[in-house]
Amino acid sequence: MSGVDEGRDTVNGAARGSDFLQLAVADVPAGGKAEWLAGRLRAAIADGRLPVGGRLPPTRVLAAELRVSRGVVTEAYRRLAEDGQVTGRRRAGTVVVAAPFTHTAPPRPGAEFGVGDAGGHADGLRAWGADGPGEDDAGRHADGGAGGHANPLGTGGTDGPRAQCVEGHAEGAGAGDTDGAAVDAAGGHPDPPGTSGADGLGYDGTRGDRPGGAADRCPAGPIHDTPAHRSAVLVDGVPARPGPPGPFHGAPGQQGPARPIHSAPAPRSHARPSRTTPAAPNTAGLFGGAPGGGVFDALRAVPAVVDFTPGRPDLTVFPRAAWLRAERAVLAESAAHHLGYGDPRGAPRLRRAVADWLARMRGVRVDPESVLIVAGTAQALTLLHPVLRADGVDAVAVEDPGSLGARQHLAHGGLATPPVPVDGDGVRVDALRATGARAVLLTPAHQFPTGVVTTGERRRELLEWARAGGLILEDDYDAEHRYDRPPVPALRALLADRVCYMGSASKLLAPALRIGWLVAPARYRSALVDAKRFNDLGNAVLPQLVLARLMESGELERHLRLVRGRHRRRRDAMIAALAGQLPGAVVHGAAAGLHLTVTYPDDVPDTEFAAAALAYGVKCHPLSWHRQSPGPPGLVLGYAAGSPGVIADGVARLGSALRSLS
């Protein structure tokens, strides 16, 4: 795959980094690596981003992500152990046991979080399983082990004939995807209930940057040409060519031409659709005129062979076994009074877990008392409506293109939504000032739908605007799902008193959980708690406690590493298929997230294209749904929920639909 010019990112992996301390590979010095890493760890412990009781990542995982020898990480951990700041607790991992007596002053905005650097990188922390000084090597699992017992629940798909799932079990062949070759079978065994494991995830099955993971590796260089497909597709403006035929790329040429689902039987799909061909959907209400408030519900209800709806994670790998273990443990340890009405702010245990998660993963240092547990980002916006209006805010500027759903939520709350154009660096701050709005809703980590990552220079401009009296509503959309670029810090980490931060577990685990979090400036907190109290008395307590346990144990991080590898391979499959079926198209947002945006040179309106695609059995969003100002036509295509074979089938249907209109 060719390079992607996306805020200095690259698709070939040269700019990749680690969630832990949010370090970029390029930041690792040529010499003194252990001293450099130990210094970053000491600073993080000193300023509270990794509190006492927090765990460091396994040495092999961190070494692979930073592309250094394992000895470098082990030596850094040893130095902290000699200082008395960490200790090895066998299967519990390397744990912080003491902070330094002299605390360093917190960094000034932008100093440590890289506002002025080329990639806008920052330091943050991440909790992991075992594998550090003093670990029990005899009890450590082998990487990629698939020799455990089969998953009794039959949960999730597998990226190979016998790929290891999150809990360390082995899933049987045919349980879902067959995205690549089987991961190494090394006789791994499952972790005992309540333990975090020690490198038992099966690293080769979830990432492509270790030897032995070639089938999972993001291809470097241009996609190979084949005689059948000579037309180029652009990935973020750079030409790329389709990959070779085969099960990994799901070559559309093997599928045969797609036909409308109402005129002839659909071609065979790896998704195993129903034998009954669905009738042609009535798309006039969906794609005719401006989309209404119920358009997403209506589209969700329409049957289709392939669903490219954006924002859908891979729900087949929901960690059911880990969730059940955590649920049993929560029920076993909960007293009767824990089953009553909870704190409307959220369960204290989850608020602590979220505060630690934000410090480790997003560089956001926040007191648990400042965290408000909500039912997803949608409810966070709903709770903010009256609070903002009471503060004199009657308009919230939005990105253009930007999320239609978010815009509808703001409008439902009586707030105007003036559009602000987005370019290759992020939202244009000069245009934001011109709107006169006192608040703006942003998705800076991975802009929806373009996929642009806000650059360091543009972040500085945004912070200057906010310091002058503006308020940023930060939707940390898709922040954890990055593949080919270093992580960037949340804006909340840089200017806490001018940013309302919103995140959720919907893309991390499943939208059905309806659990999210809102961290607002101090002046809004009391009013937001009142709004939450009188809205629903607080989220259900038991699911909160289960999620907290998954965060504390490291299960959530392991699940995230698993799905990242699967999503990256599906992204590659979609780009390869688009190269053959939509020649001349430009793919945007390939470096992160769960969707791609595709613009095409044809004169066909994207609403007509989306309607035709639905007639051919494919659901997707027209880009114009998410615009307020005119722009080139395009489609927003989610790839996380389908296997490469299903993706290739769906893209072939898109090609047939566009040709039928042309």
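**How helices meet and residues are placed**

In this predicted model, the axes of helix α13 (residues 541-553) and helix α14 (residues 555-581) come within 4 Å and cross at roughly 75°. Here an axis is a line fitted to C-alpha atoms, for helices over the stretch in contact, and angles run from 0 to 180 degrees between N-to-C directions; helices (H or I, at least four residues) and strands (E, at least two) are DSSP runs, numbered from the N terminus. Angles under 35 degrees count as roughly parallel, over 145 as roughly antiparallel, 65 to 115 as roughly perpendicular and the rest as oblique, and α13 and α14 are therefore roughly perpendicular to each other. Where these two helices are in contact, meaning heavy atoms within 4.5 Å, Leu547, Leu550, Met551 and Ser553 of α13 meet Glu555, Leu556, Glu557 and Arg558 of α14. The residues of this contact divide into 4 nonpolar, 1 polar and 3 charged, where Ala, Val, Leu, Ile, Met, Phe, Trp, Tyr, Cys and Pro count as nonpolar, Asp, Glu, Lys and Arg as charged, and the others, Gly among them, as polar.

Another pair is formed by helix α8 (residues 376-390) and helix α9 (residues 404-412), which pack with their axes 9 Å apart and at an angle of about 25°, and α8 and α9 are therefore roughly parallel to each other. On the α8 side, Ala378, Leu381, Thr382 and His385 meet Ala406, His409 and Leu410 of α9, and by class this contact has 4 nonpolar, 3 polar and no charged residues.

Among contacts between residues at least 6 apart in sequence, 74% join residues at least 24 apart.

The 14 residues of helix α1 (residues 33-46) should span 20 Å at 1.5 Å a residue, and its end C-alpha atoms are 20 Å apart, which agrees; the expected span is 1.5 Å times one less than the number of residues. Among the buried residues of α1 are Trp36, Leu37 and Leu41, and the helix is followed by Gly48, whose phi is positive, near 90°. Helix α16 (residues 644-661) is mostly covered, as 15 of its 18 residues are buried.

Two residues complete the tour. Arg460 lies in helix α11 (residues 456-467) and, at 33% relative accessibility, counts as partly exposed. Leu594, in the loop between β14 (586-588) and β15 (595-599), counts as buried at 0% relative accessibility. Leu594 and Arg312 are 282 residues apart in sequence, yet 7.2 Å apart in space, C-alpha to C-alpha. Leaving aside neighbours within four places in sequence, Leu594 is in contact with residues including Arg312, Asp478, His567 and Tyr639.

Methods. Residues numbered from 1 in each chain as written. Predicted model: local features only at pLDDT ≥ 70, side-chain atom pairs only at ≥ 80, totals over all residues. Heavy atoms only, no water. Buried < 20%, exposed > 50% of the residue type's maximum accessible area, 1.4 Å probe, protein only.
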